[in-house]
Amino acid sequence: MVNIGVIGYGYWGPNVARNFHSASGVKLTAVSDISEKRLGLAQNHYPFIKGMKDSMELIRSTDVDAVAIVTPVFAHYEMAREALLAGKHIFVEKPFTSTSAQAKELIDLAARKGLKIMVDHTFLFTGAVKKIKEIINAGELGRLLFYDSVRVNLGLFQHDVNVLWDLAPHDLSIMDHLIKASPEAVVATGQGHLNGHEDVAFMTLYFPDKIIAHINVNWLSPVKVRTTLIGGEKRMIVWNDLEADEKLKVYDKGVKITSREGVYELLVSYRSGDMWSPQLEQVEALRQELNYFVDCISAGKEPFNNCCAGLRVVRMLEAASESLNRKGAFVRL
Ligand SMILES: NC(=O)c1ccc[n+]([C@@H]2O[C@H](COP(=O)([O-])OP(=O)(O)OC[C@H]3O[C@@H](n4cnc5c(N)ncnc54)[C@H](O)[C@@H]3O)[C@@H](O)[C@H]2O)c1
């Protein structure tokens, strides 16, 4: 039995606590939040837990073997460091840390202490991403050409990070999982209209072999859109995460370029075949992820969404911030 303490019971924390509570091999023993109101809500839901305003008290508690850090991003590093020093495994929200230097320090510390770090890259556990990975790995798309994602809605504003650090980690972790190559350079542009942080941003990533990715993130959009296009030479995927059924559509469409003998201009021909919608696994992603976290701790396995995956995402975000600050400069990774 792994005893879990959850720090941060705001918007996302209740989902983490609920899924740990219902998982097997785990006992939710403590919740910490500096807000008395949020702590009260947690204690109403789970009267058996220890509620603590001070996160350090939870971290040092002998009733806790592993700590879930679900606080705003600026607090991740300090809490993760203290938890590792106290000998606790950690589940930490995306993005892992505010800087890659902090991430590297935590990676070293966890290795020295023999502890596990899992970074919450929730989308990797969705039926959609699992199916896309299966399709790509089976070679059904052919050579990858592009990844193009729109992830926009009105709010929820974060107060300590801009929209790139808030929403882009989802796409960056998905790309990191799906595309074998690592990006070589990043360009990002954006604008802040309300509280000083960029609330609309666009990020382009250049990969080897001409793969290109674009991410459009926005807290000011009147409508919610969660649509990703993944183009391959043979087939293309459209993933609309807001669709109840048929989230994924695979199109047998493509473009062929040929040049006729004696004719020097290129001839473009379009191929338009069937479209189908594969069946997806219907399980709450976070539930699967947290079960996997407990499995990794119990069996001493290294999670694939570990601290190194977290660091790779933070590196891309840092490069994007540098580009953003230099009005869309080309930044090498
Ligand atoms: N994986 C996902 O899909 C997903 C979705 C939403 C948010 N998140 C991540 O979860 C984290 C939290 O986001 P949120 O939207 O829940 O934020 P939030 O502001 O709604 O909640 C954060 C909570 O942490 C508490 N807190 C702050 N400092 C604390 C401290 N020192 N000790 C104890 N409690 C403290 C706050 O009082 C608040 O209740 C962020 O890293 C965010 O990126 C992930």
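Let's start inside the structure, at helix H4 (residues 76-85): seven of its 10 residues are buried, so H4 is largely enclosed by the rest of the structure. Here buried means under 20% relative accessible area, with a 1.4 Å probe and protein chains only, and helices (H or I, at least four residues) and strands (E, at least two) are DSSP runs numbered from the N terminus. This is a predicted model, in which local features need pLDDT of at least 70 and side-chain atom pairs count only at pLDDT 80 or more, while totals for chains, interfaces and linings use all residues. Residues are numbered from 1 along each chain as its sequence is written, and side-chain values use heavy atoms, leaving out hydrogens and water.

Which residues of H4 are buried? They are His76, Tyr77, Met79, Ala80, Glu82, Ala83 and Leu84. Their cover includes the strands E1 (2-7), E4 (66-69), E5 (89-92) and E6 (117-119), along with the helices H3 (55-60) and H5 (100-113). After H4 comes glycine 87, with a positive phi near 85°.

Now step back to the whole chain, which holds nine helices and 15 strands. Its radius of gyration, 21 Å, is close to the 20 Å that the globule rule gives for 333 residues, so the chain is as compact as a globular protein of that length; the radius is taken over C-alpha atoms, and the rule is 2.2 Å times the number of residues to the power 0.38. Along its principal axes, the C-alpha trace spans about 80 × 45 × 40 Å. Of the 333 residues, 51% are buried.

Key
Buried means under 20% relative accessible area, exposed over 50%, partly exposed in between (1.4 Å probe, protein chains only). Contact means heavy atoms within 4.5 Å.
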